[in-house]
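Please look over the sequence and the 3D structure shown here. A short briefing follows it.

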Amino acid sequence: MAKSSSILFHLTLLLTLLTSHSLPTNPKPKPGFPSTRRFTKIYAFGDSFTDTGNTHSTTGPYSFGYVSSPPYGTTFFHRSTNRYSDGRLVIDFLSNTLSLPFLPPYLSRNSDFSHGANFAVAGSTAIEYEFYVKHNITIDIVPVSIMTELGWFDKFLKEKGGAPDMEKTLFWVGEIGANDYAYSVMSSTLLPDQMRSLAVNNVNNFLEGLLKRGAKYIIVQGLPLTGCLPLALSLTPSSDRDALNCSLKVNKQSSAHNSLLLTRIQALRKAYPHAVISYADYSAAHRVVMQNPKRYGFTEPYKTCCGSGGGELNFDLFATCGSPAVSKACPEPAKYVNWDGVHLTEGMYRVVSDLFFRHGYMRPSLGVLLGTADEGK
């Protein structure tokens with residue numbers, strides 16, 4: 001029983017982790033969109049899949065507490081920028097696509113925020129931190145929720161003298177909610193359906209908060225296939241597998257979240273017809289890669305690039321990326337889907353971004369959204 005409880009605790013701890021500095025000049029954006037910018041600012045929110053530096057080794061989730069150390073950042077930046085990857089994230093590729101600078105983290109207070117800011121924090125939740133305190137769930141929980149980030153945004157605007165030109169401002173809401181489902185495992189009273197309802201309700205309230213503040217152009221990401229991450233695969237039984245050889249239970253949880261989220265987005269579209277709310281289908285993009293990884297240049301769809309332990313997953317909870325035991329990553333990260341067991345490689349983020357922005361995995365498409373912006377609708 002003690003062993004079972006320990007495994008359950010560590011699974012919970014790990015799944016929570018779905019869960020800056022001067023940066024190099026952006027590379028020239030790919031052709032296909034107008035070179036003249038229609039959006040001059042981006043404001044981003046979310047968790048570690050979007051965080052560009054609000055989290056450091058001393059402030060992030062405990063089990064992955066080495067984000068400020070190499071080999072994080074080695075592929076593109078050639079040093080750690082406190083991104084949970086070897087290089088750029090989807091939000092960075094969005095900036096590239098729109099010919100905008102990389103977004104500085106909000107907590108880096110001396111940054112140039114003339115083109116926007118990133119409020120995302122690794123380990124953040126959809127449900128408020130106080131909810132977890134009330135249910136005696138505080139172990140390794142970052143005390144930041146999506147509504148905390150909205151509060152930061154309000155404070156930021158007040159400091160800057162008011163709202164930006166919303167016709168030229170794009171809001172990016174990165175995936176959020178995976179941490180909530182993981183935390184709920186620590187309590188026998190918090191049921192999956194209850195957590196899903198609370199999490200999606202809060203995301204809905206956050207989106208409506210942006211809309212009430214005048215946002216006109218919003219992109220919302222769903223959850224990825226969290227059951228395909230090495231951490232989930234390492235701590236779930238081999239009997240719990242789907243057609244992709246990923247955790248069936250965890251992927252079903254993400255799918256249910258995404259379905260409810262999309263329903264709420266559709267309702268918001270009707271309630272705010274002046275706004276354009278696009279849904280970036282992270283799960284579908286992730287799935288198409290996992291179905292045929294070689295097509296996208298990946299030879300290792302499950303193994304961790306920056307990990308330890310060898311075997312099929314190369315993942316060990318007690319020796320994670322950047323720790324003294326793992327100072328080096330695999331020699332070719334671009335061939336790996338997974339970077340540190342929880343987060344993805346720059347190569348995977350690049351492919352996902354391309355699927356979002358150019359291949360129909362974002363609806364309405366970025367092209368339509370840009371066209372709408374041009375028409376002033």
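This is a predicted model: local features need pLDDT of at least 70, side-chain atom pairs count only at pLDDT 80 or more; totals for chains, interfaces and linings use all residues.

The structure holds three disulfides. With the bonded cysteines numbered in sequence order, they pair 1-2, 3-6, 4-5.

**Disulfide C228–C246**
- C228 is joined to C246, with an S to S distance of 2.0 Å.
- The torsion about this S-S bond is about 100°, so the disulfide is right-handed.
- The pair links distant parts of the chain, 18 residues apart. C228 sits in the loop between β4 (217–221) and α7 (230–235), while C246 sits in the loop between α7 and α8.
- C228 and C246 are both buried.

- C305 is joined to C330, with 2.0 Å from S to S.
- The torsion about the S-S bond of C305 and C330 is about -90°, so this disulfide is left-handed.
- C305 and C330 both lie in the loop between β6 (300–304) and β7 (336–338), 25 residues apart.
- Both of these cysteines, C305 and C330, are buried.
- C306 and C321 form another disulfide, and their sulfur atoms are 2.0 Å apart.
- The link of C306 and C321 is right-handed, with 90° about the S-S bond.
- C306 and C321 each lie in the loop between β6 and β7, so the pair ties together parts that are 15 residues apart in sequence.
- C306 is buried, and C321 is buried too.

**Nonpolar cores**
- In soluble globular proteins, nonpolar side chains tend to be buried together.
- The largest nonpolar core here has 56 residues. I42, L94, L170, W172 and F356 touch the most other members.
- Helix α10 (residues 346–358) gives the largest share of this core, seven residues.
- A second, separate core has 48 residues, including F119, A126, A199 and L223.
- Leaving out residues up to four places away in sequence, the contacts of I42 include I91, L94, L98, L170 and W172.

**Helices α6 and α8**
- Two packed helices are described by the angle between their axes and the distance between the axes.
- The axes of α6 (residues 192–212) and α8 (residues 248–271) come within 10 Å. They cross at roughly 35°.
- The crossing of α6 past α8 is right-handed.
- On α6, the contact residues include R196, V200, V203, L207 and L211. On α8, they include A256, L260, L261, R264 and L268.
- The residues of the contact of α6 with α8 divide into ten nonpolar, five polar and three charged.

Conventions:
Residues are numbered from 1 along each chain as its sequence is written. Side-chain values use heavy atoms; hydrogens and water are left out. Axes are lines fitted to C-alpha atoms, for helices over the stretch in contact, and angles run from 0 to 180 degrees between N-to-C directions. Helices (H or I, at least four residues) and strands (E, at least two) are DSSP runs, numbered from the N terminus. A crossing is left-handed if the near helix is turned anticlockwise from the far one by less than a right angle, and right-handed if clockwise. Contact means heavy atoms within 4.5 Å. Ala, Val, Leu, Ile, Met, Phe, Trp, Tyr, Cys and Pro count as nonpolar, Asp, Glu, Lys and Arg as charged, and the others, Gly among them, as polar. A nonpolar core is a set of buried Ala, Val, Leu, Ile, Met, Phe, Trp, Tyr and Cys residues joined through side-chain atoms within 4.5 Å. Buried means under 20% relative accessible area, exposed over 50%, partly exposed in between (1.4 Å probe, protein chains only). A disulfide is a pair of cysteine sulfur atoms within 2.5 Å.
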